[in-house]
Amino acid sequence: MRHTRPGSLTLLAILAFILAGFTVLGFFGQLMMLLVQNLASSDKGLQEAMARIPRWHQMLSLVWSAVSAALLILAGIGLLKQAPVMGRLLATVWSVLALAMVVVDLNVMADRHSALWSVLGLLYPAVLLVWVQVVCAEVWRPVAIPVATGGRAEVHPLALTAGQSLRQSLRAVGGPGFVLGYLFAGVLTAASILMVSHISGVIAEETAKGDQAAKKSYETIQSNAVESGTRWLIGVALGEGKDATPSATDLIDPAAKNPDSQSARWTKWLVRDHPPLMSFTWLLLSLLLVLAVPYASAGLIARDSGTRGFRFLLVRVDRDSVYLGRFLGAAMLVAVSTVVLVAICALGLGFASTNPDWGLIARWSGWAACALVLTALPYLALGQLCSSLVNHPFLSLMTVKGAVILWPAVVFSLAVAWGPAKWLLFALPLGAQLVLFHPTPWLVALAALACLVYTALYLWLGLLVFRRKDL
C-alpha cells in the first residue's frame, strides 16, 4: 500500500518544473554570453565587465544550469510518483547542490548589497529539503498498520488537535505555499529597502560633489534617507500630516525639521540608537503581516465546515479544543516562519553594513521577532473568526482581507465628515502594532498587552460562533 500524495508534494513538484524551465532559459542565456565574449574579444568594455566574474565560475554556472534543469525535472516526476529514489533522493541532492551553489555565488560576487537578493535563491531548495526529509518523511515508506501497545500516555485533546492541525496544514498545498510566499515577500521587502537606500545614498553623494558644506559620507546620507522614510511612516500613523512629509533637504539633516515633534523623537530612537535599515524593515514587516498572516488561518474552520468534516472529529474532541487547537497550530507555523524571516533579514542587512555591531543586531532582531509574533496573533485570530462565519476558505480569506483593508479606508472617510468616527479604527490592532517599537518601555508593555487582548477578543467571538454553528 502507498500513502496518498500530500498536496504539498504536488505543489513542490509543479514549482520544480517551473524552475527547470527558467533554468533552461538561463542556460541558453549564459551560453550566449560566453559566445559573445569570445567573439568580441577586442571589445575592452565587454572584457572588463566579464573579467569581474572569474572564468571558472562562468563555466561552473553553465554546467550547473544544465545539471540543475535535469535534476529538477527528474525530481518533479519522482515527487508526483512518490518514488523514494527519483523523488526524495534527487530532490535532496538538488537542494544540497543548489544551496552550495548560492554560497559559492555569494563568495564570488563579493557585493554586500546583493546578499539579500541572493538569499531569495535559498528559499525554494531549503523548503524542498525540509519537506521531503521531515514534513513528508513517511510518504517514502510503505503504509504500516499501527500495533496497539499498553501503557500509552494520554494526550490532552487541545495538544492533540494543535499537532494534527499543524501537520495537516504543512502537508496541504497551503503549507509550503504560505512559508515560501511569506519568506519571499519579507526578504523581498528588506532587499528593496536596502536597494532604495543604496541608490539614494549614491545619488545624493554624487549630487553633493564639489559642495563641501553639503557633502556627507555615503553611510550618513543613506542613514538620513532611511530616517526620513521612517519619520514619514510614523508621522502618518500619528496623524502629524504635512510635518512628517519628507523633502530633499532631509537627506542633509532630517532632524532640522520640527525636532520636538513626537515622530522626530521616536524616529531618532529607531534610526540612531538602533541599525536604521533594520528599524525601517521591522516597521514595514509589521504592516506586511496584516496582509500575509490571514492566509494561515482563513481556512482553519471553513475547509471542514463546507464539507461537514467536523462531524467525524467532534465525536472524540469537544468544540473548544478543536477551535483553540487549530489556532495554536497556525500560531506555531506563523511564529517559526516569522523568526526565520527576521533572522534572514538581520543577517542580510548586517552583512550589508560597513561596521555591523552584531551584539546590538542580535538584541534588536530578537525583540523584533517577539514584536512581529505579537503583531501576527490578533490577525490570526481575526482570520479564524472569519473562517467560522464563512463556509469557504477563499471567501473567508476575502472577508478578512476586506476587514483589514477596507475598514481603515471607511473609517478615515467617515472621520473627514465626523471627527469622532476615527475611534472606530480601534476595532483593529493597527495602532498597537507600531507602538511595540516605541522607545518608552511602559507603552511597549501596554501595546503587547493590547495585542494579546485583541487576540483573546477575536478568539472569544469566534468561539461563540463555532459553539452554535451547525456542523
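**Exercise 1. Is Cys-451 buried or exposed, and what is its relative accessible area?**

Solution. Begin with the conventions: the model is a predicted one, in which local features need pLDDT of at least 70 and side-chain atom pairs count only at pLDDT 80 or more, whereas totals for chains, interfaces and linings use all residues. Residues are numbered from 1 along each chain as its sequence is written, and side-chain values use heavy atoms, with hydrogens and water left out.

Cys-451 has a relative accessible area of 1%, so Cys-451 is buried. Cys-386, with a relative accessible area of 6%, is therefore buried as well.

Finally, turn to the bonding of cysteines. A disulfide is a covalent bond between the sulfur atoms of two cysteines. With the criterion of a pair of cysteine sulfur atoms within 2.5 Å, the structure holds zero disulfides.

**Exercise 2. Describe the chain as a whole through its secondary structure, burial and contacts.**

Solution. Helices (H or I, at least four residues) and strands (E, at least two) are taken as DSSP runs and numbered from the N terminus; on this basis the chain comes to 17 helices and zero strands. Of the 471 residues in the chain, 44% are buried. For contacts, defined as heavy atoms within 4.5 Å, consider the pairs at least 6 apart in sequence: 78% of these join residues at least 24 apart.

**Exercise 3. Which residues have the most contacts inside the largest nonpolar core?**

Solution. A nonpolar core is a set of buried Ala, Val, Leu, Ile, Met, Phe, Trp, Tyr and Cys residues joined through side-chain atoms within 4.5 Å. The largest one has 107 residues, and Trp-282, Leu-380 and Phe-437 are those with the most contacts inside it. Helix α14, residues 358-389, gives the most to this core, with 15 residues.

Now take Trp-282 by itself and leave aside its neighbours within four places in sequence: Trp-282 is in contact with Val-342, Cys-345, Ala-346, Trp-364, Ser-365, Ala-368, Leu-372 and Phe-437.

**Exercise 4. Which helix gives the most to the lining of the second largest pocket?**

Solution. Rolling a probe the size of a water molecule over the atoms shows where empty space is left. On a 1 Å grid over the protein atoms alone, a cavity is a set of points where a 1.4 Å probe fits but cannot get out, while a pocket is an open set with protein on both sides within 12 Å along at least five of seven lines, and lining residues have an atom within 4 Å of a point. Grid points are joined across faces, edges and corners, and a volume is the space filled by probe spheres set on the points.

About 800 Å³ of space lies in the second largest pocket. Its lining has 26 residues, of which Leu-19, Thr-23, Trp-64, Val-102 and Gly-121 are the closest to the pocket centre. Helices α1 (7-39), α3 (55-81), α4 (84-108) and α5 (115-135) each supply at least two lining residues, and α1 gives the most, with seven.

To sort the lining by class, count Ala, Val, Leu, Ile, Met, Phe, Trp, Tyr, Cys and Pro as nonpolar, Asp, Glu, Lys and Arg as charged, and the others, Gly among them, as polar. The lining then has 16 nonpolar, nine polar and one charged residues.

**Exercise 5. Where is Gln-82 found?**

Solution. Gln-82 is in the loop between α3 and α4. At 11% relative accessibility, Gln-82 counts as buried, and its phi is near 55°, a positive value in a residue other than glycine.

Note on methods: Buried < 20%, exposed > 50% of the residue type's maximum accessible area, 1.4 Å probe, protein only.
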